[in-house]
Amino acid sequence: MLHVFKHELRLIFRDPRFWIPFIIPPVILAASQAIAVSRYGGEIMQGMESYMMLLLGCLMAPMGAPLAGDSFAGERERNSLELLQLSPIAPAKLFWGKLLAVLPFPLVFALLAQLGYWFSHSEITTLEAGASMLGALSAVLLTTAFSLMVSLRVKTVRAATHMTLFFIVPLLLLVQMGHEVFLQGLLIPVVILFLSTVVSVAVTVVGMRKFVSL
């Protein structure tokens, strides 16, 4: 498993295209916020800082889709999936090695983007920042598990990425409709994180069993 983990990391660091999606959300969010302030004044953003921090973290979560899509659909597209299955590495260890290589990137980038936004907006309280980061963690777990499941079922990286990015729409709707309640305390974020973890583990186990049975 450790060998697969290191191999996947080498592939990720070798290909700069995987880094592009992690740069896009902060740039878009900063640009849209700057445009709104320049047009309507700084008052328009008052009270919206914590919402924007939560939104930023949730926007970063699906950006790991290209990495997750390449995990299995990419191997299938390169006709190397069968060779991996014939390797002496157990299929379960191969699966977990690929998962562990993908998960840290959206998680770290989402938290770094949120921390950067928090430090630049002193209006955000510690409670709101903590809730926002818990929300981002929940989004990362769900999108990564879903991305790996999709990657196991489709034949190309493009198809896996496009299908996973559809997850952004309901995610943004949930953030828009429920951010006020979500950011009021830590109870709801913790419960959401627990449920997200349970769902993600269940989806991941199903994905692992599917991969083992291929």
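Helices (H or I, at least four residues) and strands (E, at least two) are DSSP runs, numbered from the N terminus. By this definition, the chain holds eleven helices and zero strands, and its pattern along the sequence reads α-α-α-α-α-α-α-α-α-α-α.

The model is predicted: local features need pLDDT of at least 70, side-chain atom pairs count only at pLDDT 80 or more, and totals for chains, interfaces and linings use all residues. Residues are numbered from 1 along each chain as its sequence is written, and side-chain values use heavy atoms, with hydrogens and water left out.

**Burial**

Of the 214 residues in the chain, 43% are buried (buried means under 20% relative accessible area, exposed over 50%, partly exposed in between; 1.4 Å probe, protein chains only). Alanine 136, in helix α8, counts as buried because its relative accessibility is 1%. Alanine 110 belongs to helix α7 (residues 104–119) and is likewise buried, with a relative accessible area of 1%.

**The largest pocket**

A pocket is an open set of points on a 1 Å grid over the protein atoms alone, where a 1.4 Å probe fits, with protein on both sides within 12 Å along at least five of seven lines; lining residues have an atom within 4 Å of a point. The largest pocket contains about 430 Å³ of space, a volume being the space filled by probe spheres set on the points, which are joined across faces, edges and corners.

Its lining comprises 19 residues, with Leu171, Leu174, Val175, Phe182 and Ile192 nearest the centre. At least two lining residues come from each of α3 (49–60), α8 (126–153), α10 (168–182) and α11 (187–213); α10 supplies the largest share, eight residues. The lining has 14 nonpolar, five polar and no charged residues (Ala, Val, Leu, Ile, Met, Phe, Trp, Tyr, Cys and Pro count as nonpolar, Asp, Glu, Lys and Arg as charged, and the others, Gly among them, as polar).

**The nonpolar surface patch**

Val181, Leu187, Ile188, Val191, Ile192, Phe194, Leu195 and Val198 form a nonpolar surface patch of about 720 Å². Patch residues have over 30% relative accessible area and no salt bridge, and nonpolar side chains (Val, Leu, Ile, Met, Phe, Trp, Tyr) are joined within 5 Å; a salt bridge is a side-chain nitrogen of Lys or Arg within 4 Å of a carboxyl oxygen of Asp or Glu. Accessible areas come from the Shrake-Rupley method with a 1.4 Å probe. Helix α11 gives the most to the patch, seven residues. Leucine 195 lies in α11 and is partly exposed, because its relative accessibility is 45%.

Note on methods:
Patch = residues over 30% accessible without salt bridge, like charges linked within 9 Å, V, L, I, M, F, W, Y side chains within 5 Å.
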